[in-house]
Amino acid sequence: MEANDGVVDNNNVKDYESKNAVENKEDIDETTENEFDNLMHLFEIGKYGVIEAFKEMKEELAKERAKFSHLTSLLRAQLECPVCLEVPTSGPVPVCPNGHFVCSVCKQTDCPTCRAKMLVNNSLLAVTIIENIDHNCKNDGCDELFPLNDLENHAKTCQFRIINCPAPSDLCGKKVAFCQVLDHILNECDGSTNKEKDKGELRYYDKMPQNICYYPNSGKFHMPGAAFQCNDDFFYMNREATDGAAVFSVQLFGDQDECRDFKVDIAVYKPDDESMVYRSIGEPLPIDLKEDQRKRNGLLVGYLILDKMTIVNEEKKNQFN
């Protein structure tokens, strides 16, 4: 008698289920892979569309900017004073009966363009335009444009702004662009030691403090300045005379805001007695500071005190440090 006629073989069932599970898993994997490929295809199409749309927007923006730039250029040309060739930055803007503009500084009896009589007529439209267009920086070499509210701040830090050479004015006194002042000091300035004594080179100090000996003649102390570099920054040391005193100062080749990142300690002392010292600790002065302000804000040492700090060294020379 057969004992297994109505009995299902569990092993066969398990094998069958496993086989179906593998096949189902392969179907699912294949379906998932196909769906993923479809999604990637759609993504590529979408990405291409986004890129194209972005390019079109960029091109449209460039066209609009070009139109705006052209329009403002035409407006500036119309507002340009025919005498000084500058666009006014404030009102009033005088206008002749024929509609020609002239700045308030250059206004005369007759219109410089058509010779019509200039009456007491000012253009409100011109003032509105002035307040809403970009203006050229007035410094030679600078091609940047700025809104009227930003123009004044730019002028204070423009690399092409004209400044006085930091050397004593009686030794040099030239005016140069800020971006060219270091080259001027190294190669042209008669009021700095770099040109002759240092043979056009920049003094370099990799650490501070530096001890410098001075050998003054009798009378007031006054000598050329010197540009130097400390690490990656550039400075100018001035040693000059003012009323009854010598003035020592260090200027940074930068503006007032940049000076806040540095501290300068200037000390003048007697070589054999460092307890006799005059000292100033604070920020360096900006390179574009005017000479009269520089002399009032440096370390002032009166000639009477300076004489007491001066010794006669072994070489029979007057010396202080």
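The legends below accompany close-up views of a predicted model of a protein chain.

**View 1. Overall make-up of the protein chain.** In this predicted model, the protein chain is built from eight helices and 14 strands. Among contacts with a separation of 6 or more in the protein chain, 47% are between residues 24 or more positions apart.

**View 2. Strand β6 and its cover.** Strand β6, which spans residues 223-230, is mostly covered, since six of its eight residues count as buried. In a regular strand, side chains alternate between the two faces of the sheet.

**View 3. The parallel pairing of β5 with β6.** Strand β5, comprising residues 203-205, runs parallel to β6 and is joined to β6 by three bridges. Within this part of the structure, Y205 has C230 of β6 as its bridge partner.

**View 4. The antiparallel pairing of β6 with β7.** Strand β7, covering residues 233-242, pairs with β6 in the antiparallel sense, and six bridges connect the two strands. Across this pairing, Q229 stands opposite F234, a residue of β7.

**View 5. The turn of the β6–β7 hairpin.** Strands β6 and β7 together form a hairpin in which two residues lie between them.

Key. Residues are numbered from 1 along each chain as its sequence is written. This is a predicted model: local features need pLDDT of at least 70, side-chain atom pairs count only at pLDDT 80 or more; totals for chains, interfaces and linings use all residues. Side-chain values use heavy atoms; hydrogens and water are left out. Helices (H or I, at least four residues) and strands (E, at least two) are DSSP runs, numbered from the N terminus. Contact means heavy atoms within 4.5 Å. Buried means under 20% relative accessible area, exposed over 50%, partly exposed in between (1.4 Å probe, protein chains only). Two strands pair if DSSP finds at least two bridges between them.
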